Amino acid sequence: MRIGSRKDTRANEEALAFNLFKKKDSAGDGAANGSGGGGDAGTPGSGGGADTGGFQPQPEKARRFFEHARTVFEASNYEYSMTLWLQGLRMDPTDMQALENFFKTCAVFLDANPKAKGPTKDQLKGFSGKGPIEKFLLALLNWGTRPTEWQLGVRAMEAASEMDLAEAVYWIGERVLRRATADPKAKKADYVAMKDAFSKVGAFDKAVTAGDLAAKLDPTDQKLAAEMRNMSAQATIARGGYETSGQAGGFRKNIKDLAGQTAKEEDERLTKSEETLDRVVERARADYESRPQDSNAIQKYAKLLMERGRVEDERLAYRVLMKGFEEVRAYKFREAAGDIRMRIERRTLREREEALKKAPEDQTLKSEVEALRKAFVELEAREYADRVANYPTNLDVKYEYGRRLLELWKFDEAIEQFQQAQGAPGIASQVNNALATCFLRMGWLDEAEATYRRGLETHVNHNDALGLELRYGLMDALDRKARDTRDVGAA
């Protein structure tokens, strides 16, 4: 039994990237234009009251892109994963975990493609650069693909500060400031821009650092020097909590709150040492055990376990999420647990595949890998079947389920899913290609030919990976038709 190759999967996914950016969605279009998507400006989010361009962040829609981004990253399709992280941030620019993951993916992509020099033309087509969110995403893409050009990071800071994305400004700014101070060619204007972005979101300690560096480059700027003296005092007040020291119990309150402030700072720290992460996980465990049916406690504990990422953490996170699903009946926990299980089994399969590469003549190992591949696709099929049942209107999920059925050669069932998924925005060519493949393998040559042609009609670039696959499939269908029916026209 043939199990589809990773090459086939990557070819389909790479071709999907551009179409996803063209996806027509009222909320997404609002995000793209920086205009209203039905919400109010200043929607609270992880950025702390972020003004995300006058629309309501949509974390549920963003989550779909983030989950797909993780999946294709694990399939080593890093360029497409970058695209998906940004597409999700278009729906929810306040998600800091997604921002970090985007830059991690960029780093891996650049390691694998050392000759890459910035974003590709197809990636750039996905951004108008108009409106605060589009400007922010474009800045992220430019800096992420050229990380040594720290001035591009300054542009990302400015775009983030325009939307009051406080966490994003601070996270980006720390990295930009570190690179700038190591560059003897850094200019005053860049430090001033960093200072302004930091101060706009209340990060006065970093604003003072950037402003002082700007002032050193131009000691004659008395206005800047006075501004930095005032800002330095403001940063000291904010850091020390002196506003309350003159009040009854104010100083004692500062000392009393120190442990809580330290814990909060550790929880929110973007880069955690192993020791810090252990403490954060332990606090989350205690919180979860004190209220095991609270959705936030369940989600936070499982997320931190996965962030620490030990083998035992993954298995514990799976149990926590499944228990949460059973008790709270929130399907998102069951779905997240399924992702963990697929991740563990995918890793096991890859380890055995790597072993087989080193010992290709080992027939026992070869049989083991074939059995693992089949078992893994069957596991994925069960997971997606469950998601289809719980998300009956989600056409993307139907397509993913159909792909697994196709890999298992369950053509009738796969055809049913693909036919239902044909209206899925942005993936019409992928659906038609998969549907035509089912017809071809079943020997339904007329249906295969018509469906391949329909796929080519909806596909933009006939010379990319998916375009070539559609054309090759059509050629195969015509060849078989010519041989079977002696049809000269098909030949």
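I take a helix to be a DSSP run of H or I covering at least four residues, numbered from the N terminus. I note at the outset that the model is predicted.

**Entry 1: Arg-63 and Glu-67.** I looked up helix α3, which spans residues 59–74 and holds both Arg-63 and Glu-67. The two are four residues apart, about one turn of the helix. I found them joined by a salt bridge, with 2.6 Å between the closest N and O atoms. Arg-63 is partly exposed, at a relative accessible area of 21%.

**Entry 2: Arg-64 and Asp-396.** I recorded a salt bridge between Arg-64 and Asp-396, whose closest N and O atoms are 2.5 Å apart. Arg-64 belongs to helix α3 and Asp-396 to helix α19 (residues 395–407), so this pair ties together parts that are 332 residues apart in sequence. Both ends are partly exposed: Arg-64 has 34% relative accessibility, and Asp-396 has 22%.

**Entry 3: Lys-195 and Glu-227.** I next looked up the salt bridge between the side chains of Lys-195 and Glu-227, at 2.9 Å from N to O. Lys-195 sits in helix α10 (residues 188–200) and Glu-227 in helix α12 (residues 222–240), so that distant parts of the chain, 32 residues apart, are linked. Is Lys-195 buried or exposed? Lys-195 is buried, because its relative accessible area of 4% falls under the 20% cut-off. Glu-227, at 31%, is partly exposed.

**Entry 4: total.** I noted 41 salt bridges in the structure.

Note on methods. Residues numbered from 1 in each chain as written. Predicted model: local features only at pLDDT ≥ 70, side-chain atom pairs only at ≥ 80, totals over all residues. Heavy atoms only, no water. Salt bridge = Lys/Arg side-chain N within 4 Å of Asp/Glu carboxyl O. Buried < 20%, exposed > 50% of the residue type's maximum accessible area, 1.4 Å probe, protein only.
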